[in-house]
Amino acid sequence: MFQRKTYVVGCSILIILISMGTRQTFGIYLQPVTNELGIGRELFSLAIAIQSIIGGLPLAGMLSDRYGSRWVAIGGGLLFAVSMYLMSITTHGTGLMLGFGLLSGLALSCVSYVVVLGAVVQVVPPERRSRTFGFITAAGSVGMFVVVPVAQYILNAFGWRATFATFAGVVGLIALLAVGYPTRKQPAASGDPTDMPSDSLTEVLAKASHHSGYWLLTIGFFVCGFHVSYVASHLPAYLTDNGLSSTAGATALSLVGLFNLFGSTLFGYLGDHYRKKYLLSGLYFGRSIIISLFLIFPVTETTAMVFGAAIGFLWLATVPLTSGTVAQIFGPRYLATLYGIVFFSHQVGSFLGVWLGGRIYDATGMYTPVWIIAIILGVLASVVHLPIADRPVYPLRATGAAVR
């Protein structure tokens, strides 16, 4: 059991490192791609927004719950490689929509946290689940810290087409790593107090649809998607608009990844010991404070780096806490589906964050209104997490880690 757990967790860490690291590079392509293709920022933003919506569809999670994660992740890795290659040869906006939008979105739905955490939950006991989710989320941060500077270097040296061609080969490695996943759904880790031996997926979805806490989590994760996709896609352009170099934007995103490594790990650990809903509330409120301070102070290389580090600490710490809360309430058996639905709300937020950034910039020549929206949403998310009913809906059969 130990070897199986280590193998699945190890493959999951590498898959998330590659997929999320590559995804977080997309913002550095905004200016070179739009300049060469002669399109506005809104069209580029719309392609990424479509990718976010498609990437959040819960179909991949449902297929993973029914048939296992292996073939879903293998297909996602291969499709991701195809989408990157198509981007390297595109000459117009239609190719941007196809490669960056449709195909990348389908691929990411199969190789992101929904499918990966759905596989991991089967081999990790409940008392270690939140921290393990935190480690895997942190892998995405390592990918962001490592991949963004590498992509920026290739972009500066060889151009964006060569960069996409290079990453077509990199993301293709996901298909090889996914071979380590089970071919079909396996029983959850033993000792889980919410194993749900008899409920069907339909019955679980019915319970979730009437659970107020599940809806509040879904609303909160919408805000997370708005924040991270807007910042990842538009922060580099925002910094260059304010006189900083393109390297400064890539460095700021890299710092987001580095400090998210610490934040995701810490909040994952805390989630095994304290009420996750309170941690989430504080996390979203902290984001609003950081964004507010970023707008107040002048844009310099120092403030850009400090912002990247600060927002990075709270970047994806929401993932182990949100997914862990879903598993805590409903058990692990259908986590990929239940978390997949919550994640779709995240991607709707991503759509609006990315698209509004481009739309408002093209209309006004500035990003300030979007930053203000992000601040307001952060405060609202902080409030909606407080009343979440986070107790298990199924009778306990074993004692897990204490939650205070």
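1. Helix α8 (residues 129-158) and helix α9 (residues 160-177) have axes that come within 7 Å and cross at roughly 135 degrees, where axes are lines fitted to C-alpha atoms, for helices over the stretch in contact, and angles run from 0 to 180 degrees between N-to-C directions. The two helices are therefore oblique to each other, given that angles under 35 degrees count as roughly parallel, over 145 as roughly antiparallel, 65 to 115 as roughly perpendicular and the rest as oblique. Helices (H or I, at least four residues) are DSSP runs, numbered from the N terminus.

2. This is a predicted model, in which local features need pLDDT of at least 70 and side-chain atom pairs count only at pLDDT 80 or more, while totals for chains, interfaces and linings use all residues. Residues are numbered from 1 along each chain as its sequence is written, and side-chain values use heavy atoms, with hydrogens and water left out.

3. The crossing of α8 and α9 is right-handed. On the α8 side the contact (heavy atoms within 4.5 Å) is made by Val147, Ala151, Ile154, Leu155 and Phe158, and on the α9 side by Trp160, Ala162, Thr163, Thr166 and Phe167. Sorted by class, this contact has 8 nonpolar and 2 polar residues, with no charged ones.

4. Helix α12 (residues 246-271) packs against helix α13 (residues 276-296) at an angle of about 150 degrees, and their axes are 9 Å apart. That makes α12 roughly antiparallel to α13. Here Phe267, Leu270 and Gly271 of α12 meet Lys276, Leu279 and Leu283 of α13, and by class the contact has 4 nonpolar, 1 polar and 1 charged residues.

5. Ser350 is found in helix α16 (residues 335-364) and is buried, with a relative accessible area of 1%; buried means under 20% relative accessible area, exposed over 50%, and partly exposed in between, using a 1.4 Å probe and protein chains only. A polar atom of the Ser350 side chain lies 3.3 Å from the backbone oxygen of Gly225. Leaving aside neighbours within four places in sequence, Ser350 is in contact with Ser52, Gly225, Phe226 and Ser229.

6. His346 also has its place in helix α16, and His346 is buried, with a relative accessible area of 6%. Apart from neighbours within four places in sequence, the residues in contact with His346 are Phe221, Phe222, Cys224, Gly225, Phe226 and Val228. The C-alpha atoms of His346 and His211, which are 135 residues apart along the chain, are separated by 18 Å.

Technical notes:
Left-handed = near helix turned anticlockwise from the far one by under 90°. Nonpolar A, V, L, I, M, F, W, Y, C, P; charged D, E, K, R; others polar. Polar contact = N/O pair within 3.5 Å; in protein donor to acceptor, adjacent residues only side chain to side chain.
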